[in-house]
Amino acid sequence: MAERIKKNTVKSCLIIFTILILVHGFEAIFLRMDETILGENFINKVFGIVMIIVVLKLLNMKSEDIGFKKGLFGIYGAKSIGLGFLLAIISFIIAYGIEIIILKNGGHEVSFGIFTTGFSLTGEAEVHTGIGFILMCIFFNIINVIMEEGTFRGLFNKIISIDHSPKFALLFQAFLFGVWHIVTPLHNLIDGDIAVGAFIGLSVGYIILAGMMGIKWGLLYKMTGSLYAGMADHFFNNCIATNLLHITTESGTDEMMIIRVLIAQLLSFIAVIIISKSGTKK
């Protein structure tokens, strides 16, 4: 089995990805765990972590081989995680600032709110308050970044790099990461919240935005030698900026969230590209 995977790296990754996205789609569209009190589609993430473990055993590899380096709770891990959080914090401070300026110029009264919501393209996510929901949000997002970074930046990148260039591996995993996020607009299309045209537009947008994020986190892995910096930045984006720290006005909550995320991701993407090229020249 190991030799088959190594001889057909692209095909093997596509098979693994297909299994994962089918589980993801089944949970999001049919089980709808994000609409329960838990507020999160987590079954596919747990399944994905199990899949990583199984594939690593087939390949006779360890978690360290795909970026889960030892020393997570030591100085090495702290530096990598700190780098990821620093990148995210600076980017989102600027993004939140721009969002507030735009809203204030539009005559809105702006305030911050700390509560949990399930992400929705249509702005109809249910609001949950209380420390229990916040702790669940943090826990589920830790599971999320372990699975997604371990799968895309870790496992897929490692397998594809066996017989392809690092550049191809980087772009391949980023593209799959973009396709992975099409489940969200598909969910809205099936529910009748958006039309086919909007679904196509959102799907293309997701592939581009999530793909860009995948490239950024892949480069962070390449620069630091571990997944931890990308995991920290990924966690901040999903947990803090999307699910916990909200901007509210008299007309609604997070009406410009997609703009906020887009600005922050563009800024951090450009920063990582510049740092990466600078390091390559040195």
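Which residues line the second largest cavity?

## Second largest cavity

The model is predicted. Its second largest cavity is lined by E99, L103, I247, T249, G252, T253, D254, E255 and M256. The volume of this cavity is about 30 Å³.

Three elements each give at least two residues to this lining: helix 4 (75–105), strand 4 (245–249) and strand 5 (252–253). By class, the lining of the second largest cavity splits into three nonpolar, three polar and three charged residues.

## Search result

## Largest cavity

The largest cavity holds about 100 Å³ of space. Its lining comprises 13 residues. Closest to the centre are L38, G39, T116, T117 and C137.

Which elements each supply at least two residues of this lining? Strand 2 (116–117) and helix 5 (131–160) do. Helix 5 gives the most, with four residues.

By class, six residues lining the largest cavity are nonpolar, six are polar and one is charged.

## Linings in brief

For the largest cavity, helix 5 is the top contributor to the lining, and the class count includes one charged residue. For the second largest cavity, helix 4, strand 4 and strand 5 each supply at least two residues, and the class count includes three charged residues.

Note on methods. Residues are numbered from 1 along each chain as its sequence is written. This is a predicted model: local features need pLDDT of at least 70, side-chain atom pairs count only at pLDDT 80 or more; totals for chains, interfaces and linings use all residues. Side-chain values use heavy atoms; hydrogens and water are left out. On a 1 Å grid over the protein atoms alone, a cavity is a set of points where a 1.4 Å probe fits but cannot get out, and a pocket is an open set with protein on both sides within 12 Å along at least five of seven lines; lining residues have an atom within 4 Å of a point. Grid points are joined across faces, edges and corners, and a volume is the space filled by probe spheres set on the points. Ala, Val, Leu, Ile, Met, Phe, Trp, Tyr, Cys and Pro count as nonpolar, Asp, Glu, Lys and Arg as charged, and the others, Gly among them, as polar.
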